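Open the model in your viewer and keep the selection panel at hand. We will go stop by stop.

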Number of protein chains: 2
Amino acid sequence: MKKNTTWQNRAAQTLKECRHASYAMSQLNSRVKAQLLNEVARELMKQKRTILIENAKDLAEAKKHGLSPAMMDRLTLNSRRISDMAQGVRAVAGLGDPVGRITSRWRRPNGLVISRITVPIGVILIIYESRPNVTVECASLCLKSGNVVLLRGGREAFYSNKILAQIFQKVLKRRRLPQACVSFVSTTDRKAVDFLLKRDQDIHLVIPRGGEALIRKVARTSRIPVIKHYQGICHVYIDRRADLKKAGNIVFNAKMQRPGVCNAMETLLVHRKIAPQFLPTIGKRLIESGCELRADAASRRYLPGAKAAKGSDYGHEYLDKILAVKTVPGLHEALEHIRRYGSGHTDAIVTRDKNAAEIFKKEVDSSSVMVNASTRFSDGFQYGFGAEIGISTDKIHARGPMGLEGLTSYKYLVEGSGQIRTS
Amino acid sequence: MKKNTTWQNRAAQTLKECRHASYAMSQLNSRVKAQLLNEVARELMKQKRTILIENAKDLAEAKKHGLSPAMMDRLTLNSRRISDMAQGVRAVAGLGDPVGRITSRWRRPNGLVISRITVPIGVILIIYESRPNVTVECASLCLKSGNVVLLRGGREAFYSNKILAQIFQKVLKRRRLPQACVSFVSTTDRKAVDFLLKRDQDIHLVIPRGGEALIRKVARTSRIPVIKHYQGICHVYIDRRADLKKAGNIVFNAKMQRPGVCNAMETLLVHRKIAPQFLPTIGKRLIESGCELRADAASRRYLPGAKAAKGSDYGHEYLDKILAVKTVPGLHEALEHIRRYGSGHTDAIVTRDKNAAEIFKKEVDSSSVMVNASTRFSDGFQYGFGAEIGISTDKIHARGPMGLEGLTSYKYLVEGSGQIRTS
């Protein structure tokens, strides 16, 4: 009981400092923010040795707990990876300031001039897993957008995350800015997260980054708005009028270039009229590259080596070299399938038929809708945002790949010359 | 127990219908939406008698329960008020379609063309109190923005709200559109609301409209994103360099034109150097109009007839002819006061000093910041939105007066010619 009280007091104190830092942070000008980030990049390079020592503590713990080789790899830092982090911070420093932009301005008949201007959101809590570079990415993006960030990483990367956050704090302190601008939850107690998620008076937004279980838990517990996506069940529909060479390349790329990520294709839909020409070649290519196919009966006629799909294969996120395949009678049925099984993340059509493309674009309500391009492009960097804090399948605030703009809110400025309201 | 199961089943069925209607709704074109709304306006005029009969049932119930005269007035419909409603619906019909707008479009080096296009949010739950015209306003705005609306009005207006929703449903049915596009929660059981607020898989946004207690309850219970403001603790700061004639008119207007609304001023801050000239005249004018003043000692020197302010008078939302007054040593202290006591709704400065205005505009983080204008202008109609579904003091999605644009989300369209990702 005593212990709980201690971390609760500490968490409450941290939140108080965050709220206080939030004002200083929102007033920083673009030049200072860029300078701060460039200093952080230099400091990361300078402190490589210290970072690796702290990372080694996490790796030793992880070994003791028998983490999988994939997880160990995600956790491991080395000189190259730290240089990449520093490069990432410099890139964010070089982006345009998302705050203080007048996005709209108009004059009313009574002479009032109204402007809409972007402002930081305030205090943002980021809850994430394993990869320590998320610490640096999120802190940079929040700093650039004038937001105070409260970082809560996975316990397996505790020491690595802590030293990285401390590097930001060191630079902030040197500039006489509140260190709480980049705050770090320094307990691994899970109750601390539940406590923070109830503090909607202090924290304005929560962004969970990690597996579906983590995200669902955060969304269920939080009283603060959460921006998230649960799953990326991405579809590619090959229309009757598709260019088959392009279709083959897009399908192969969408599934195989990086199967473990949220914008990889999980289900292939093929128009039945084109299935006989399209499926044999792409099927062979996928199977030869080690991809398992799970197909309906109609598709299996053209896919030797494919397994029979079960109902549960549709709408399933494999995150692996496995692909569900289905033949559909036409565009209408493809749209219905996507409505029923999609997760609103990214869905693509391959077609030369402009009319079919228009219908697909209008009817598919996913955060990204692709025409003749790989689903893998659904990504903040690929969209040219220069940064990505996450991908959202929510319907409010930010949708799709979310860069700096998604980390801002706005306010209205109303400038008059003594106007009063008469009705 | 059996009864609960019945309304739960019915609510689940309603949600299923809403989800289904959502697709049809999102695909309606601008012309059809305008026609539907104009038909609703005609139907409201035609059914005046029926509406008044249903309203009479609510009024009879209200009398039995001893509702206050103010509440009775808010509840009462008459021929004129119904005509005004119809006029409001026609006005919404005439607004531009907020859906399908390309808000941004760019080309990437690899030839991909990316567009950001507005889409409806989906299913919106509106929870509101007493005034039946909210039913018509919210249904019109949601229809115009392609959203399915689920209406949950106060029990005291049950019959009035129901007949008004039915008028929308009648028009939808005539057009062979799902009546669930405008859905009505046809039980007054409070548990129904708690049940709905947990259904984040079916409902995308909740907008509570009513008193602070209602809004707090909704925000506390909901697992769905809520857009809201709790309070409007609006400040007007009279700077040392204010034009005193304009200052007097703005203060009088901000407090007295309609004291019971959220954008009315609750606290007046006055620079101490200008207090001797400014306070006596405005104090007299306010008191003579029946306004009670609660002022600090420094202000009371110039305000004969003012009461002594207690600490709790600052940051208090009176919604009445009562005003807290405080003298401050300068702009800096005014800003500090607003940061500490404000509710982030609307705050104003009156000054001829451009520099002071700039600092105020930059540092005050309220959803609307006014310079030389009455706080009463913080309103969707006054901003020229042609509509208002509410005012938000939240930091995500929509902030300040929220019109049709706030009822939309967006998606990205990515158009290529076979691009695949290589890194």
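Start with the two domains of chain A: their C-alpha centres lie 36 Å apart. Bear in mind that this is a predicted model.

Colour the domains next. For domain 1, select 2-228 + 402-413 of chain A. For domain 2, select 234-377.

Now show chain A as a cartoon. It carries 14 helices and 16 strands. Its radius of gyration is 24 Å, close to the 22 Å that the globule rule gives for 423 residues, so chain A is as compact as a globular protein of that length.

Next, a helix pair. Select residues 30-46 of chain A for helix H2, then residues 133-144 of chain A for helix H6. How do their axes cross? They come within 9 Å and cross at roughly 165°. Angles over 145 degrees count as roughly antiparallel, so H2(A) is roughly antiparallel to H6(A). The crossing of H2(A) and H6(A) is right-handed.

Zoom in and show side chains. Which residues of H2(A) meet H6(A)? On the H2(A) side, pick Lys33(A), Leu36(A) and Leu37(A). Facing them from H6(A) are Ser140(A), Leu143(A) and Lys144(A). Colour this contact of H2(A) with H6(A) by residue class: three residues are nonpolar, one is polar and two are charged.

Finally, zoom back out to chain A. Locate H2(A) and H6(A) again, at residues 30-46 and 133-144.

Technical notes
Residues are numbered from 1 along each chain as its sequence is written. Chains are lettered from A and ligands numbered from 1 in the order in which they are written. This is a predicted model: local features need pLDDT of at least 70, side-chain atom pairs count only at pLDDT 80 or more; totals for chains, interfaces and linings use all residues. Domain bounds come from an automatic or database domain assignment. Axes are lines fitted to C-alpha atoms, for helices over the stretch in contact, and angles run from 0 to 180 degrees between N-to-C directions. Helices (H or I, at least four residues) and strands (E, at least two) are DSSP runs, numbered from the N terminus. Angles under 35 degrees count as roughly parallel, over 145 as roughly antiparallel, 65 to 115 as roughly perpendicular and the rest as oblique. A crossing is left-handed if the near helix is turned anticlockwise from the far one by less than a right angle, and right-handed if clockwise. Two residues are in contact if their C-beta atoms, placed from the backbone, lie within 7 Å. Ala, Val, Leu, Ile, Met, Phe, Trp, Tyr, Cys and Pro count as nonpolar, Asp, Glu, Lys and Arg as charged, and the others, Gly among them, as polar. The radius of gyration is taken over C-alpha atoms; the globule rule is 2.2 Å times the number of residues to the power 0.38.
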